[in-house]
Amino acid sequence: MAHTFRLHNTLTRRTEPLKLIEPDHLRIYGCGPTVYSHAHIGNFRSFLTADLIVRTAKALNWRVTYVTNITDVGHLTGDDTIDPSGEDRMARAISSQQGKRFANVWDLARYFTEELLTDWRTLNLLEPAVRPRATEHVGEQIHAVEALIARGLAYETSQAVYFAVPDFAGYGKLSGNTDSAALTQAVRDVVVDPQKRDPRDFALWKKDPDHLMQWHSPWGWGFPGWHIECSVMAQTYLGPSIDLHTGGEDLIFPHHECEIAQAEGLCGEPFARYWVHTRFLQVEGRKMSKRLGNFHTVRELIQEHKVHPLALRLALISGQYRKPFNFTLTTLRDCERLVHRFADAWTVAAEGVSRAAEGPDELGESLNSVYEAALGAMLDDLNTPVAIAKTLEGTKLIRTYRDKLSLDSARSATTFLSRIEDLLGVIQGAKVEETSDGESTAREPDLHISTLVAERAAARRARNWARADAIRDELQALGITLKDSPEGTTWQKKSTL
């Protein structure tokens, strides 16, 4: 069956089919975090959009080259304006109460990078092909600035090197910010360099011999601007023109607008054909804020509130990326229940593979149809609510066949769950694989628990009540609560929410 992958393109303001530069090879760049603190759930909602695009492309058997960066220098506190005069976020972090535990800003950057990677893996995000760091590509950024000067698109003052916005005709095509008078007014209060030719011009290199992170350049000691890093790293690993660029909606202007100007100024070709932006996340109907007490990081929810990681992932993708999303603790609790239903379906399927007798496949056709519907939803601008509903439909079907699965039906069930995992990442590791001796083995982070639940069910069927009670006690010691019903047993990790 031929499939078409459609996404909303911020550049054209339309939802349109992806037409790749190289057939069946998606080259995608996602803006990563600035590692001055723990990434919050709003950050990860944006990262998950890129993750779902990659997963959907792979479901089409496309080759994917995915690059996402680490910003560990250059991001200033006022970077919501064209050319801020604020303090570097890394420098501010090291001077904070939290930063006092680190010997220097380099240690702080390394620490929060590792924390990010832990959260990334915990939420079951796919690893990119390359994860470049801004500090490791300063040389390339310097060369890019030199090239922009040589092309007449940048100039030097006593304080910085600036990109000359009026000399790039396409500035504003992504954001729609093309009114020079309005842009000038917007940045008037932050312009601190009287030698700037135009208030809209933005810094490519800041001259600052006192900055905590600095490098020697043709313009003296200093550090790169925030925008130049992504242009350079995307083109270094993906080529002058790429297929798709992702990020949060707050990055459309000025960051992504400036990326386009720099990248296209360097190569004279379109930088990215498609731009996909994730809408803001609210928490309990309000903007996420530490002051309001509704600011959540991944590790806080998982480590302190004992939230199942896949429940958090499911909650963050339960709303379509292009619509504002209200994250609530009620939604999170509901998603925990759904994740345990998924795990129960996996238990049913895995037990069937290991114990069921030969017989007709009563599930394969129906589950294939459900999967195609889920994939179709994802191909339609990442319609995750429909894809999740189809996942529930498939897992419910599997669970209704508890103790009635034939071996072929069990294999169809595990195939369905594996394909859904590859597509959505909410049934982590739910796969059956053949070992060298022909035995089936299962991989699943909670497999030990699922195996004990299945063993207890077998003990109950055999009326071995002592063994069933002993397994229940073992599970309770692990923080697992069980719920027995006529349809079978489901389990749940205790939550402090």
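Two strands are taken to pair if DSSP finds at least two bridges between them. Helices (H or I, at least four residues) and strands (E, at least two) are DSSP runs, numbered from the N terminus. The structure is a predicted model, in which local features need pLDDT of at least 70 and side-chain atom pairs count only at pLDDT 80 or more, while totals for chains, interfaces and linings use all residues. Residues are numbered from 1 along each chain as its sequence is written, and side-chain values use heavy atoms, with hydrogens and water left out.

## Overall composition

The protein has 15 helices and 18 strands. Of its 497 residues, 54% count as buried, where buried means under 20% relative accessible area, exposed over 50% and partly exposed in between (1.4 Å probe, protein chains only). Among the contacts with a separation of 6 or more, 74% come from residues 24 or more positions apart; a contact means heavy atoms within 4.5 Å.

## Sheets and strand pairs

An open sheet of 4 strands has the order E4-E3-E10-E11, with parallel pairing. Strand E4 (63-68) and strand E11 (272-278) stand at its edges, each with a single partner strand, so one side of each lacks a neighbour in the sheet. On average, neighbouring strands of this sheet are turned by 20 degrees against each other, direction ignored. For such angles, axes are lines fitted to C-alpha atoms, for helices over the stretch in contact, and the angles run from 0 to 180 degrees between N-to-C directions. Strand E10 (residues 242-248) is joined to E11 by 6 bridges, and the two run parallel. Within this pair, Gly 247 has His 277 of E11 as its bridge partner.

A further open sheet consists of 3 strands in the order E13-E12-E14, and its pairing is mixed. Its edges are strand E13 (286-287) and strand E14 (325-327); each has a single partner strand, so one side of each is left without a neighbour in the sheet. Strand E12 (residues 281-283) pairs with E14 in the parallel sense over 3 bridges, and Leu 281 stands opposite Phe 325 in E14. Helix H1 (residues 41-59) packs on this sheet and touches E12 and E14, its direction making about 145 degrees with that of E12.

Strand E7 (residues 202-207) is mostly covered, with 5 of its 6 residues buried. Two antiparallel pairings involve E7, one with strand E6 (residues 160-163) over 4 bridges and one with strand E9 (residues 220-224) over 3 bridges. Ala 160 stands opposite Lys 206 in E7, and the bridge partner of Trp 205 is Pro 224 in E9.

## Helix packing

| Helix pair | Angle | Axis distance |
|---|---|---|
| H4 (residues 138-150) and H6 (residues 226-238) | roughly 100 degrees | within 9 Å |
| H11 (residues 364-379) and H12 (residues 384-400) | about 165 degrees | 7 Å |

Angles under 35 degrees count as roughly parallel, over 145 as roughly antiparallel, 65 to 115 as roughly perpendicular and the rest as oblique. H4 and H6 are therefore roughly perpendicular to each other. On the H4 side, Glu 140, Gln 141, Ala 144, Val 145 and Leu 148 meet Ile 228, Glu 229 and Val 232 of H6. By class, this contact of H4 with H6 has 5 nonpolar, 1 polar and 2 charged residues. In this scheme Ala, Val, Leu, Ile, Met, Phe, Trp, Tyr, Cys and Pro count as nonpolar, Asp, Glu, Lys and Arg as charged, and the others, Gly among them, as polar.

H11 and H12 are, by their angle, roughly antiparallel to each other. The residues in contact include Leu 367, Val 370 and Ala 374 of H11 and Val 386, Lys 390 and Leu 397 of H12. The contact of H11 with H12 divides into 10 nonpolar, 3 polar and 2 charged residues.

## Backbone particulars

Most residues other than glycine have a negative phi, and most peptide bonds are trans. Phe 253 and Pro 254 are joined by a cis peptide bond, with omega about 5 degrees; Pro 254 lies in helix H7 (residues 252-267).

Asp 24, although not a glycine, has a positive phi of about 60 degrees. Asp 24 belongs to the loop between strand E2 (14-17) and strand E3 (25-30) and is partly exposed, with a relative accessible area of 48%. Asp 381 also has a positive phi, near 60 degrees. Asp 381 is located in the loop between H11 and H12 and is buried, with a relative accessible area of 4%.
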